[in-house]
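The structure is shown first.

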Amino acid sequence: MHGEYKVPGGKLVVVDLDVEDGVLRRVRVAGDFFLEPDEAILAIDRALEGAPADTDAAGLAVRIDAALPPGTQMYGLTTEGIGVAVRRALAHATDWTDYDWQLIHEPPQSPALHMALDEVLTAEVAAGRRPPTLRVWEWGSPAVVIGSFQSLRNEVDPEAAERHGIEVVRRISGGGAMFIEPGNTITYSLSVPDALVQGLSFTDSYAYLDDWVLGALGDMGVKAWYQPLNDIATDAGKIAGAAQKRMVAGDGAVLHHVTMAYDIDADKMTEVLRIGREKLSDKGTKSAKKRVDPLRRQTGLPREAVIERMIASFRSRYGLSEGTVTEEELTRAKELAETKFATPEWTARVP
């Protein structure tokens with residue numbers, strides 16, 4: 001069995017192993033990480049040898065920690081990361097480069113249609129009728145997108161939203177509210193087979209699916225990192241938030257979508273969103289306006305250039321062919337937008 005895992009912000013860990021009588025055998029750990037002293041790699045292999053095959057990543061990390069020589073130094077590597085690579089080997093997880101990725105970047109769509117396209121395209125990936133897809137959104141109008149389980153009245157000031165011509169829609173994933181203005185926002189979705197995140201915990205899957213965009217931002221001079229559970233942050237503040245939805249039909253698929261602040265009208269945002277003091281306090285700030293630091297200021301690039309560089313970075317890592325939403329997918333999405341995402345029943349399903 002073979003498993004690979006790139007430690008977030010670190011290096012690639014590769015594990016090859018067998019399982020006999022329910023325990024790990026012939027374990028070999030490798031990768032492009034740095035490790036001192038040399039004998040530490042043998043200690044890692046020995047620590048994993050004979051471990052029960054159902055041991056989780058944290059339990060495997062404990063075994064490794066106990067076996068490492070005194071003074072061991074790891075660079076780009078963590079014992080938890082090794083445990084995740086083992087779990088991915090055992091789960092027969094796939095890698096990014098195992099797939100032919102498709103890009104969808106089409107003209108602006110309504111907020112409700114974007115919600116529907118996420119559901120339809122990810123269901124198509126789960127059914128095996130669509131390849132793994134990176135979809136870059138273009139917004140047709142301003143919106144507030146609330147999480148699947150958020151209370152509408154607690155999150156949005158309806159009078160302010162109406163005054164500013166902002167549509168409120170509810171997505172299928174959890175997480176918090178997103179304030180959207182077409183020229184100030186960069187949003188993308190990944191619709192991926194479940195096999196890509198096999199062996200990863202829910203938390204680890206966020207970091208794993210966000211890693212490519214951290215590299216893209218780094219190429220633009222923005223030092224960013226994943227901040228559990230679902231934020232992308234820099235020294236200047238949060239720049240993006242992610243959310244996920246797992247599809248269980250077919251072979252399964254994961255929807256992972258991210259909204260990034262290119263620029264922001266902070267005064268308007270705080271008028272429309274009811275941002276509570278408790279949410280702000282856990283971010284260590286006193287003002288909602290200080291929680292988000294837009295990419296425009298950090299990159300100095302036009303929005304279109306940021307998107308182009310993100311796409312180019314993904315393509316250079318994993319390959320990416322141009323694609324489109326099919327007529328059948330668009331028809332289904334339009335119907336779903338009308339019957340679900342644009343209805344008061346769905347939007348206010350948690351009043």
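Two strands are taken to pair if DSSP finds at least two bridges between them. Helices (H or I, at least four residues) and strands (E, at least two) are DSSP runs, numbered from the N terminus. The model is predicted: local features need pLDDT of at least 70 and side-chain atom pairs count only at pLDDT 80 or more, while totals for chains, interfaces and linings use all residues. Residues are numbered from 1 along each chain as its sequence is written, and side-chain values use heavy atoms, with hydrogens and water left out.

Strands β14 (residues 237–247) and β15 (residues 253–261) are antiparallel and share 8 bridges; Arg246 has Val254 of β15 as its bridge partner. Both belong to an open sheet of 8 strands with mixed pairing, ordered β12-β13-β14-β15-β11-β7-β6-β16. Its edges are β12 (225–227) and β16 (321–322), each pairing on one side only.

Axes are lines fitted to C-alpha atoms, for helices over the stretch in contact, with angles from 0 to 180 degrees between N-to-C directions.

| Helix | Strands touched | Angle |
|---|---|---|
| α4 (residues 111–127) | β6, β7, β11, β14, β15 | about 145 degrees with β15 |

Helix α11 (residues 303–318) contains buried residues (under 20% relative accessible area, with exposed over 50% and partly exposed in between; 1.4 Å probe, protein chains only), including Ile307, Met310 and Phe314. Their cover includes β6, β7, β11, α7, β15 and α10. Just after α11, Gly319 has a positive phi of about 80 degrees.

Asp54, in the loop between α1 and α2, counts as exposed because its relative accessibility is 65%.

Terms used. Contact means heavy atoms within 4.5 Å.
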